[in-house]
Structures are given as C-alpha cells and as structure tokens.
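Reader: I am new to reading interfaces. Can we go through a structure step by step?

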Amino acid sequence: MTLEELLQRAAEEREKQAAFRHTIRVCVAAGCLSAGSDKVKAALQAEVEARGLKHTCQVKGVGCLGLCSVGPLIAVDDAYCRNVTPEDAGGIIDRLGDRPAERLYLSAEMPFFARQQKIVLENSGRIDPERIEDYIAADGYQALLYALHEMTPAEVIREVTESGLRGRGGAGYPTGLKWSTVAKADGGGQKYVICNADEGDPGAFMDRSVLESDPHRVIEGMAIAGYAVGANRGFIYVRAEYPLAIQRLRAAIRQAERAGLLGNEIGGTTFDFSIAVRLGAGAFVCGEETALMASIEGKRGQPRPRPPYPAESGLYGKPTLINNVETFANIAPIIRKGGAWFAAIGTEKSKGTKVFALAGDVQNTGLVEVPMGLTLRDVVFDIGGGIPNGGRFKAVQTGGPSGGCVPEQYLDMPVDYESLTKLGSIMGSGGMIVMADTACMVDVARYFMEFCMTESCGKCVPCRVGTAQMYGLLTRITKGLATAEDLQLLEDLCDMVRNTSLCGLGQSAPNPVSSTLRYFRDEYLAHIAGRTCPAGKCEMVADPEKEVA
Amino acid sequence: MANQNVKIVTLVIDGKDVSAQQGQTIMQVAREAGIYIPYMCHVEGLSNIGACRLCLVEVQGQRRLLPACTTEVAEGMVVTTNNERLRKYRQMIVEMMFAERNHVCAVCVSNGHCELQRVAQKLGVTHVRMPYLHPKLPFDASHERFILDHDRCILCTRCVRVCDEIEGAHTWDVRGRGTESRVIIDLDQPWGTSESCTGCGKCVNVCPTGALAEKGRATAEMTKKRQFLPYLTIMREEDWA
C-alpha cells in the first residue's frame, strides 16, 4: 500500500463513520470483559437493530476506557456510563443525544478523564482494536509509510533522539541512543527488533491494555524501529497469561500483512519487516532482556552478564534492539508530529507522558496516562479520587517488586525518572499501588520479597539465597520473633544483594525493604522491640521462646 | 601458532602494572600475575557464566562490580580485586552458600579436598551468621559408579557445562527456580537410568564439593582430578585452528 492509498482508505473509513449520528463505544478490554461487557455490547446491538437505528447509531467494541473500577464502562458519544448491565441497553438507546440516566452517568469533565493527556492511549477506547481500518482512519500507519518514503534511517533516529523519549520498561535508557547504537552495530546482514511485553509486576497492566486496545500502534512502532536500525525481523515476547492481548496481536499482524504494511516490500519500498509472536511461560525474570532473548532462543530463561549488551550481541548473537510495549507505542506519534512536539511535553529530563496502572486503596482504579512532572498527589488524589471510605493515605508503591514506597511527605514530588529514584523508588513500568493506613509496611516489604524469592531464576547466589534469607528475616519480624541483630543482618543483606546480583531482578529486589526501612523504620522497630504491629495486620507469635527453639 | 593480529593491552590490577592479550579476562590476567581472586562457578577450560559472584571486582569508572571471569581486559583498565567492601560481600556469599543446603563438612566425602571449604578458609569465614535453610533433598545412588548428593550442591553448574561442552552428552541440566533449583539428569530421572550419560566422570571431577563423588569413598576420601580439562581444551583449540 502506498501513502496515497493509505490516505484514501483513511478518508473512506472516516466518511463511513461520519455517516452515523451516534456512536456507542463499549470497552472490550480484559477488565470490562470480565465484568460482562460483551453481553452489554450484544444487548445494545440488539436494541439498535430492533429499533431500526442501524444506520444512524453504531455500537462498537473498543479498547480500555480507563476507569476499570466501574466497569463495564461505555461511552455514548462524549458521555461515559458506568456499571452498565445488559438491562440498561433500552434506557441508553431511549436517551440517545440526551444525557444518560443519572445512575449511569459519568462526566467526561471529571478529573479522572480531564487531567489525563493521551499519546500512548490516544486510540484506546476510541477505535476497534480488531479492525485495521479503524486504526488507519485514526492516522495509523502514516508514520511508517512516511518514514519509509521520505526519511532516511538516520533521520528517523534523529527524530526519536530529539523527542527525548526514554525507555518505558523502567530503567529509562534514552531510546534514541539505543537505536543509534543498534543501527551502528555490524550484524553481518542480520539484526532483530524485540518488543518486551512480558509485563509481570504485581498490579501492573499497562502493556496488556495497550496490546488489547491498540495493537497496531505497537506493530507500527516496531516496523519503524526495524527500518531505523536496519532489522527485518521482529519478535513480540508476550506472556501467555494475556490470551486476549495475544489474540488481538496475532489478528493485527495478519491484517497488517494482508494490507502490505508488514512483510516484503512494505509500501512499495525495498524494506522488508516481519513480526512473530513468542509466548512467555510465566517467569518474571524473562522480562530481563538477556533472559528474554534466551527464552526466545528456546533456552532456559536466565540472564547472562552484560556486557556484551544486546545492541552488540543479542538474539542469536546478532545486534538486537529491545524496547518495551509503551516505548514502541510512542514512536508513531513522534514521527507523525515531530520530536520537538514530544519534547515539549513533560519535564527537563523526562519527556512525554507515562501510563500508570492505578490500583490498591484508591477510589478510581484503572489506567491513566499523565504528562511527566505531574505530582504524585495529583495522580493519587485528583485523578485517583483519594482513599475510599474516608481512609487515610499512607504510601504509594511504584515500580513493583523493584520499586519502593513513597510516604505522604513526598507526595508533591513530580513523577519523573530522577525524582522517583531520589526517593528510593523507581519509575518502573508503571504500576502504582496506593496504600491506606491499614497497610503494614513490613508486611508489604515481605510480600514483595516473597515475590522476588519465588521469581529468582536461581542462577546467581546473592539473588537466589539472599532473597530467601531476607524473606525469612521479614517473616520473623512480622511474627514478632526478630531481634536487633536480625534487623542489622537484613540491612547488610540489602546492601550485598543490591551490589552483587547478576541482573536487575536481584539488584532491585532489596528496594521495597530499603525504602520502607527509610520511611517507616518505626514500624519495623515496633514489630521487633514492641512486638506489636502498628497497623494491626500482623499476628505476633504468643510465645517467642517456644517458637525459636 | 603465532598470531599477528593479537593486540596487547596494559592495565593495572591492585596497583600492579600488567600486560595482557586483548580477549583475556581479568581472572586470567590476575592469575598470571599471581593475584588470587576467589571463584566457585568458574573453572579453567569451561565457558564462564558469572553466577557465583565471588570474583566480583571493582573497575575504575564502572558503577557496578564486574565478575572477573567474564569481563575482558581493556587498555588502561584499573582493577581492584581486594578491599574491605569486596571481602565483606565475598564472605556473605560464602556464608549464603553454606546456609542454603546441608553442608556438614565433618561427614562429607570431600572434607579436606573441598573448594567451598578452601574458599571459606581463605576468606576467613569462621561462622555463618544466617539461619540454615535446611531443605529436604533426595540422594541419588542409582548410578553404578557415582553418587549425587544434592545436600552438598551449590548450583555452580560446572557439571552441566563440562557434560555439554567437553563430553558433548548434555546429560545434566537445571530444573526449577530460586532455591528450588536443582541439577537434574536427562528428564529429571535417576542417574542409573540415564541413556545419555557416558559414565565418563568429568562431572564428578569438576564438582567443587562433595555433591558428585565416586562410590565407595568414605569421609574425606574423595579427591578430584581436574588436570584433564585444560589439556582437552588446548587439544581441541589446536585441532580447530
């Protein structure tokens, strides 16, 4: 397909859609689906059909609308309806063009929707993820064909570099720099592009939503990356626990191939690019890039020491570009609107937006995308709506098992890579778990340590044994069995495991412990010296003497 | 043998100026210079995996500690192989190796000939601060000549590599994750039933502890012969060249 044909198809599809007077968008991403949104969609379609409104009102399944806590969520033109049941269908159609019933109505003006800024999620909740035409109508694949026809690979990389985009997987490595390194590497004719969709942090579902809501965006980003670095093969490594994302991704790849937007001689140029999906079998460590590549090669999913970095020697020993889902999802808009446009959003060192999965003790749980630099308070209290049932805020956990807990006094810190690192946490992939004062911070640290312990691959000693030892010590603390020496040993282990582990999993595993020790040391001491849990969560062993023996 | 293309670099290890061929690891160069760096998963003649973390060294200008066994030397590198911080980490790592499984030297076939014991002595590990995890582990005596005692295994995977890289049988592998990891025979079956095992005994001889031993050895009787490895490796390199 040439650029002219693509624009032609976009115009045709837009015209077709404009013919409808009303559009009802029903979220069919995993969250709302599990609440029964497919039945809601069927009921609405039946109602429209029965009333003969088929040509004036379209009902379409779309990706995530964001506010998962009140699903099934639908959008009737510009108004949102929450907790919709199939029985509501008649009433909703009755009031088309009018405000929906008060019980269902959610204003698009509420801070949850109004304060977001959408780049990655610009099509989520707007387009049908299963139809390539819908993506094309939303300017999809224009960036790819434009890049192929009008830009050199070096120009593409310059644009990405200028945008200031940094890796959204967690570490924040400059994307443009990574691309240029792979572009310069000599692969002897073969290089690879990998999309890391092995999202595994507890409470995080950003990548899943992007893949379920707008799979073509990721494919387009990868193809542009392939052109920029000189790779003609791509892999998407996605965890098998995401069946819907996998299904939509595979369908999207087929559609793109059929439309000539993937495969050989894309857009009538000499550029070939194909994408294959690889499924992860549920190991958290396979989100680490070298373990992920070992897994794709069919080996045991274990990391190896770097250097050499994947850019030099990656998949099958060839130069490999590996980026996260959200990173690739930012590429098409950057090429379409320019690096300078992107660089104008966010803070000095953290550009653009970040998608967060808001979860835990917060009113509005769901998926949000905010410009970098917004404060944590804005995210938790304004967008998130604060703590439900009049509870008190205690901490917000970012970055999953590699991250840390940020207490109330730092809520006015901006959300960007450097600030969160300074606070002893990390940006991470975007999980954000809010905790009320009913949460015991030692117990939280213990939870994350248990996760790291069971997910440690077992290759290096500090991570394999260190996490088990730390978990044992934390368990002793929560049972009221620990001594001051145990706390000292715990701190020594934190330092040692962080500095000696082979990969990021072990190096960051102590973070939940060190950050809670830094801000909530009194809770640890209460468990140890006072044998009480201030939050009332942990049960102390009645007779410690007996237990120790 | 003379290779005109070998580049020579000079670097500093522990304040000592040394020269090296490009492509050599810090471990190799340090050994030539008579500088001891402790290790457990490394063994000369096999591929290096940087897993035990005992050989971590400080390299000037690098934020992280680097394993000496996998890090190649570079011109002007300044390496510190021994200081208080590294000693502390190494001691803790050795302590963790002891605490992970059931290492009871007094009744071990390798007592007195054990690399773990020797490293612990060199590093001055006199006691273990952390609680022993005491896992319940099986013992495999089904092979006619060898035994596998998981209680003594430190998961260095030397057996896995020697079997794959030198013997070419790949009888050994690892199953499970974290502390549940375990070396296995073929598809996790008794050693005696393995069809891929050639019975060569290389795994037994590279094993640093008493996890793999010959049958019929009593306490402290199991000495290991490792001379075959560098010899085999060199022979193969010459063949290929």
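Author: Start with the word domain. Domain bounds come from an automatic or database domain assignment. One more caution: this is a predicted model.

Reader: Which domains does the assignment give for chain B?

Author: Chain B has domain 1 (8-82) and domain 2 (87-227). Their C-alpha centres lie 25 Å apart. The contact between them takes 22 residues from domain 1 of chain B and 21 residues from domain 2 of chain B.

Reader: How do I read the area buried between domain 1 of chain B and domain 2 of chain B?

Author: Buried area is what two parts lose on being put together, summed over both. Here domain 1 and domain 2 of chain B bury about 1,600 Å². Carbon and sulfur atoms give 62% of that area.

Reader: Which residues in domain 1 of chain B lose the most area to domain 2 of chain B?

Author: They are Met40(B), Leu46(B) and Leu54(B). Together they account for 39% of what the domain 1 side buries.

Reader: How many salt bridges does the rule find across the interface of domain 1 and domain 2 of chain B?

Author: A salt bridge needs a side-chain nitrogen of Lys or Arg within 4 Å of a carboxyl oxygen of Asp or Glu. Between these two domains of chain B the rule finds zero. Polar contacts are another matter: nine residue pairs are counted there. On the side of domain 1 of chain B that touches domain 2, 15 residues are nonpolar, six are polar and one is charged.

Reader: Now the two chains. How many residues does the contact take from chain A and from chain B?

Author: Chain A gives 30 residues and chain B gives 31. The two chains bury about 2,600 Å² between them. Carbon and sulfur atoms carry 58% of it.

Reader: How many salt bridges does the rule find between chain A and chain B?

Author: Four. Take the pair Asp492(A) and Lys88(B): their side chains meet in a salt bridge at 3.9 Å, N to O. Between chain A and chain B, 15 residue pairs are in polar contact.

Reader: Which elements give two or more residues to the side of chain A that touches chain B?

Author: They are helix H18 (441-455), helix H19 (461-478) and helix H20 (484-500) of chain A. H20(A) gives the largest share, eight residues. Sort the chain A side by class next. That side has 13 nonpolar, ten polar and seven charged residues.

Methods
Residues are numbered from 1 along each chain as its sequence is written. Chains are lettered from A and ligands numbered from 1 in the order in which they are written. This is a predicted model: local features need pLDDT of at least 70, side-chain atom pairs count only at pLDDT 80 or more; totals for chains, interfaces and linings use all residues. Side-chain values use heavy atoms; hydrogens and water are left out. Contact means heavy atoms within 4.5 Å. Buried area is the accessible area (1.4 Å probe) that two parts lose on being put together, summed over both. A polar contact is a pair of N or O atoms within 3.5 Å; within protein, one must be able to donate a hydrogen and the other to accept it, and residues adjacent in sequence count only if both atoms are side-chain atoms. Ala, Val, Leu, Ile, Met, Phe, Trp, Tyr, Cys and Pro count as nonpolar, Asp, Glu, Lys and Arg as charged, and the others, Gly among them, as polar. Helices (H or I, at least four residues) and strands (E, at least two) are DSSP runs, numbered from the N terminus.
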